[in-house]
Structure formats: C-alpha cells, structure tokens
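Look at the model first, then read on.

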Amino acid sequence: MSKEKKVSKPEKFQAPRGVHDILPEEHAYFTVIKKVVRHRARQAGFRRISTPVFELKNLFTRGVGEQTDIVEKELYTFATKKDGDEYALRPEGTAGIVRAYIQHGMNQLPQPVELYYIEPFFRHDRPQKGRYRQFHQFGFEVIGEPDPGIDAQIIQLAATIHEDLGIADKLKLQINTIGCPKCREKFSNQLRDYFIGKERSLCANCVRRLAENPLRILDCKNEDCRILAENAPKFENVICEDCKDHHQKVLELLDAVDIKYTENPQLVRGLDYYARTVFEFWNESDGAQNSVGGGGRYDGLVEQLGGTATAACGYAGGVERIIELMQDSRMLAPDKDQIDIFVAQLGFGAKKVALQILTELRGRGVHALGALGKASMKDQLGKADKFGVKYALILGEVEVREGKIILRDMASGVQEVIPIGKAVEKVIKKIGEKNLDRYDPSGELKKDTTVRPEEELLIRD
Ligand code: HAM
C-alpha cells in the first residue's frame, strides 16, 4: 500500500502590518500628485533630488533628535553583520538632503539651493487610517537663505499644490514661531518652572518631556496636559526682537499673497531641528485634527550635521493623506490607462499581422491591447468589452489572405471592412489626434557632440 503524502498548504502571504500595496486605481492619484508637484516645483526653480532609503542611524539621531518619537520609537534600524554599522530606514527627508548638501559641496553653488522630492519613508507608527509604516511624502527644501520671504514662498507653494488638487478648502494653515535656540532656552526654563510641581496632572510622556524638552508638552494631545498647557507661560513674552520681526514679516508676506492662516502658539512640531517658523496644514473635516503636511525653518541643522552655519527652510506633504482627502472631496483622478482599441485575431497568420498592427498603433500613440493567446473570438470580444474599449480590429486567416480587416464600433456593434494597410490611419482618425499618448524619448534626448579633452588628444595623435 502506498503511503499517502500529506501536502501542506502553502503559506498565504500578506503585506506586513501597516504597509500597503498601491494598486492601479490609487496610482492614478499618485500620478496627478506627482505631476502637480513636479510642475509647481519646476515653475519655482526647484530641482529634484533622491537620497538613499537608508542612512547611518546617527544621521537621524543627530538630525531629527534623539528624544523625538520618530527616533526613539519609530525608527526601523538594522546593523550589517560584517562591520556592525547601524543603519536606519529614513523616517523623513530633510536630514538626508542636508547630508547630501554638505557631502556634495552644494554650498559652492549659487544660494539658496532649492530641492524637491517625492519618495517613500518609513516609521514604525501605530497603524490606523492615514498612519502607515511605509508612506510617501513630497517635499521642498531651500538651503542657504535666512530671509522670511523663503518661508512664505514655501507655504505658498504648498497652498498652490493643495489648490491644484482640489483640497484647499478643506485645509487650515496653522503657523507659529518657536524662536531661535536662545529664545527657546529661556522659554524652556520658564515652562520647566511652571510645570514642576504639577507632574501629577501630566501624562507619563509629559513627565519625561518635562526633564528633556518641556516645549513638547505644549504639543501633547492628552486632555489634562492640554488644560494645564493653556495657562503656561506664553512664548510671546520671551521671544527676541529678531525672531519677532522674522515672524511678523512671514505673516505680512502671506497676507500679501492672500494666504489665510491661524496663528497657533501651541504648534511646536515633532522634530527637533526647527527654529523660528513652524507650520502645518490641518484637515479638520472628519472631526479629528489630522495634519496633511508640515514644515518650517531649520537654520541650525546644516551646522549640526557637520557643515558651516547655513539657514534653511522646508515643507513635506503626506501623499496618502492627501489622496484620502481628495477621495473624501470626491475628486476623480484621470484614468490615463484607458485602452483605445482592442485587436482580436484567429490563426497564426492573423496573429503576425495583429502584432504588426499593435506595434504600429502603439508607436503612433494609441493605447492598444491585443489578445495574443488562443481564446475564441467571442472571448476576445468579451475581454474588449471589459476593458471598455470603443473600437476593435478583428481579423482571421480569410481577412489576412484578402488583405482586409474588420473595424467594429463596440457600442453600436456596427462593423466595416477596410484594407489592412489603412487600418492604423483609420483608427487614429476615429480616436482623434488630440487624444493620442505621444511620447518620443528620442525627440527629448540629445547626443553630446562636444569633443572631450581625452578625445582631443586621440584626434591630435
Ligand atoms: P512630518 O510632519 O513628520 O514632517 O511629516 C510630514 C507629513 O508626512 C505629515 O504631515 C503627514 O501628512 C505625513 N506623514 C508623517 N507620518 C506619516 C505616517 N506614518 N503615515 C502617513 N503619512 C505620514 C517631516 O517629515 C519634515 N521632514 C517636513 C519638513 C521638510 N520640514 C522641513 N522640511
């Protein structure tokens, strides 16, 4: 008797908790956001940068701040087996970009250097709606200019993007100044004096914050901490004249370009590198306060990461949160993947011609799909219907022999027989020139024909 082998079911894999697949429908939103960001960034003179998804852990410890939630609780870290160096998946973009600015001597370029990015980031956050462990941000960093005009320009850029994406009316800009390190030290001392003795009314996190960074208590969402924070000393009483002047100018410049804001003295942000201006765009539409983007000035970061003292300011928007808001606002992203025409065939000779026609159609900018398998004509046309195509080209061995092809209007079912050689032109006419998806990389790329010094030597020899 043969022993029956027990076949164990293969393990079913799921994406890890807190991370998600971006399926084609969601990609339609990603594509519009990327286009809008690229377009607005280029208009304002920004150039794109990508830094690695992982960096030495110390870059974030030193850059973002050892005692921030992002570094203390949310970093994904790993060490290499061979040399034991500790790395971290980047939780945000600013520290990596400042590292790149210093490493590539960008201080030698005309200042300020204006960079933008659209990238994935990683935080071991508690997963919930709008909070993921891998998420995307688009962001802008302007390094090398302390003027308040930069702060206002970045805020305006973000606001324009929200406008383009149809979500501006759902967002409220919150703005504050947290001053320079000197004002902050004074303020921290005052806050410490105020909260000491009130520890029993603070949450456990804030008791710790009291020792490490009392400013953070102002940002706590806990009800008791908030009530206590309301009567805490006010920053406006300690802010120095320069920081006050900077803040006033940012507000005046925002007024000049008609950007509405709410001054929020409670806003401190969760990253340690900020100085002076901090801001967030809040979506309050679903009751809970939810920030879709934020940023501010970080004048000390370049020096802190080993460069010379250089002022800087930036912003990052959360792509997933913006998509959710676009969907809540019933904004539809255009489906650029719509198929224009389906080519159905029967028989090997017909398949060859179908492949030639598909190639020519695609080359001319038509989105063309072919059933190149062995499915019946009924199944092929059924598939064409599912893709919602307007037209189908149909050919079998008889048509190939006669040099003809059938063009079918899928909605009405009306068919006409046309010469194979005229099929592509006819389809293009039906679809309309303006609807073609034309992209010719060879028309964009140019060959460098200047003679390089080493080639010059060869020519002379
Ligand atoms: P942030 O406020 O930590 O700032 O993040 C910016 C935006 O990224 C948030 O407003 C939110 O929309 C999105 N985001 C953050 N964490 C998550 C998450 N777990 N899931 C989904 N979305 C998330 C920064 O990262 C700074 N680097 C911004 C900046 C640039 N400051 C100066 N330059």
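## Helix packing

Helix 5 crosses helix 9 in a right-handed way. A crossing is right-handed if the near helix is turned clockwise from the far one by less than a right angle, and left-handed if anticlockwise. Helices here are DSSP runs of H or I with at least four residues, strands are runs of E with at least two, and both are numbered from the N terminus.

This is a predicted model, in which local features need pLDDT of at least 70, side-chain atom pairs count only at pLDDT 80 or more, and totals for chains, interfaces and linings use all residues. Residues are numbered from 1 along each chain as its sequence is written, and side-chain values use heavy atoms, with hydrogens and water left out.

Two packed helices are described by the angle between their axes and the distance between the axes. Helix 5 covers residues 148–164 and helix 9 covers residues 241–256. Their axes are 8 Å apart, at an angle of about 40°. The two helices are therefore oblique to each other. Helix 1 (residues 24–43) also packs with helix 5, at about 140° and with axes 10 Å apart. Helix 1 and helix 5 are therefore oblique as well. Their crossing is right-handed.

Axes are lines fitted to C-alpha atoms, for helices over the stretch in contact, and angles run from 0 to 180 degrees between N-to-C directions. Under 35 degrees counts as roughly parallel, over 145 as roughly antiparallel, 65 to 115 as roughly perpendicular, and the rest as oblique.

## The ligand

How many residues surround the ligand? The shell holds 26, and Glu92, Tyr132, Glu141, Arg269 and Tyr274 are the closest.

| Side chain | Distance to a ligand oxygen |
|---|---|
| Arg123 | 2.9 Å |
| Gln137 | 3.0 Å |
| Arg269 | 2.8 Å |

Taken alone, the ligand exposes 660 Å², and the protein buries 96% of that (Shrake-Rupley method, 1.4 Å probe). Strand 6 (134–143), strand 10 (290–297) and strand 11 (312–318) each give two or more residues to the shell. Strand 10 gives the most, with five.

## Backbone details

Most residues other than glycine have a negative phi, and most peptide bonds are trans. Gln111 and Pro112 are joined by a cis peptide bond, with omega about 0°. Pro112 sits in the loop between helix 4 (94–103) and strand 5 (113–122). Arg276 has a positive phi, near 60°. Arg276 lies in the loop between strand 8 (262–263) and strand 9 (277–283).

Technical notes. A residue is near a molecule or strand if one of its heavy atoms lies within 4 Å of it. A polar contact is a pair of N or O atoms within 3.5 Å; within protein, one must be able to donate a hydrogen and the other to accept it, and residues adjacent in sequence count only if both atoms are side-chain atoms.
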